[in-house]
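Subject: Structure handover

Hi,

Here is the structure I promised you. Please open it alongside this email, and my notes follow below.

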Amino acid sequence: MSSESAEVVREAPGAARGSGERDAEAVSRFVERFASEMTEAGMQRMASRVFAALLADDDASMTSAELALALQISPAAVSGAINYLTQVSMVGREREPGSRRDRYRLHNEIWYTTFASRDRVLTRWEQTLREGARTLGEDTPAGARIAETAAFFEFLQNELGALMGRWEEHRRTLGLPGDGKPREDASGSARQGSRHTP
């Protein structure tokens with residue numbers, strides 16, 4: 001067996017590292033169940049499976065070969081899923097030291113990062129919608145509908161900022177691993193504090 005093949009076997013999702021053996025079948029069932037939940041919510045099926053596999057990995061980091069083996073899918077399927085996940089800022093790509101292989105890693109505090117990245121999307125949508133409302137005329141039925149939509153996104157953006165701030169405060173009371181580390185923005189760059197102004 002090549003060193004890469006041995007590495008693939010060792011890095012199966014959810015493989016315990018110094019914390020005792022886990023039930024591999026139970027881990028696989030969790031991965032598929034959570035992937036199914038995300039697919040039903042609208043995420044691409046293969047991207048859901050890759051994301052769930054990374055989530056169940058202790059390091060939250062796997063290579064393409066490891067993902068393909070763990071999920072029994074083709075490298076092309078892994079590539080397509082990773083492209084989608086990186087575009088929506090759910091997964092980052094990094095190069096292994098001394099290797100040409102890429103590793104795919106969940107961002108630190110993945111849900112915070114994912115929702116925070118939506119803040120910028122909401123801002124762009126709101127601006128475009130307000131321009132559309134002015135173009136159509138806010139006193140017309142279509143213009144009024146678009147203006148209301150813009151107002152909704154503005155409200156949602158403000159509430160999301162306050163919610164993220166409250167989450168940071170609550171997280172500090174949980175004693176979770178990684179407390180005190182710099183946050184990451186959606187690109188994976190470290191930052192301190194919240195991007196939002198409640």
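Gln 72 is exposed, with a relative accessible area of 64%. The cut-off for exposed is over 50%. Keep in mind that this is a predicted model. Gln 72 lies in the loop that runs between helix H4 (64-71) and helix H5 (75-87). Its phi is positive, about 55 degrees, although Gln 72 is not a glycine.

Ala 60 also deserves a look. Its phi is near 55 degrees, a positive value in a residue other than glycine. Ala 60 sits in the loop between H3 and strand E1 (61-63). Is Ala 60 buried or exposed? At 18% relative accessibility, Ala 60 counts as buried, because the cut-off for buried is under 20%.

Next, helix H3 (residues 45-55). Eight of its 11 residues are buried, so H3 is largely enclosed by the rest of the structure. Which residues of H3 are buried? They are Ala 47, Ser 48, Arg 49, Val 50, Phe 51, Ala 52, Ala 53 and Leu 54. Note that an arginine, Arg 49, is on that list.

H3 also packs against another helix. The axes of helix H2 (residues 24-40) and H3 come within 8 Å. They cross at roughly 135 degrees. H2 and H3 are therefore oblique to each other. For reference, over 145 degrees would count as roughly antiparallel. The crossing of H2 and H3 is right-handed.

Which residues make the contact? On the H2 side they are Val 31, Glu 32, Phe 34, Ala 35, Met 38 and Thr 39. H3 supplies Arg 45, Ser 48, Arg 49, Phe 51, Ala 52, Ala 53 and Leu 55. By type, the residues of this contact divide into eight nonpolar, two polar and three charged.

Last, Leu 129. This residue is in helix H6 (residues 110-136). How far apart are Leu 129 and Ile 146 in sequence and in space? They are 17 residues apart in sequence and 6.0 Å apart in space, C-alpha to C-alpha.

Best wishes

Definitions and conventions:
Residues numbered from 1 in each chain as written. Predicted model: local features only at pLDDT ≥ 70, side-chain atom pairs only at ≥ 80, totals over all residues. Heavy atoms only, no water. Buried < 20%, exposed > 50% of the residue type's maximum accessible area, 1.4 Å probe, protein only. Helix = DSSP H or I, 4+ residues; strand = E, 2+ residues; numbered from the N terminus. Axes fitted to C-alpha atoms, helices over the stretch in contact; angles between N-to-C directions. Parallel < 35°, antiparallel > 145°, perpendicular 65-115°, else oblique. Left-handed = near helix turned anticlockwise from the far one by under 90°. Contact = heavy atoms within 4.5 Å. Nonpolar A, V, L, I, M, F, W, Y, C, P; charged D, E, K, R; others polar.
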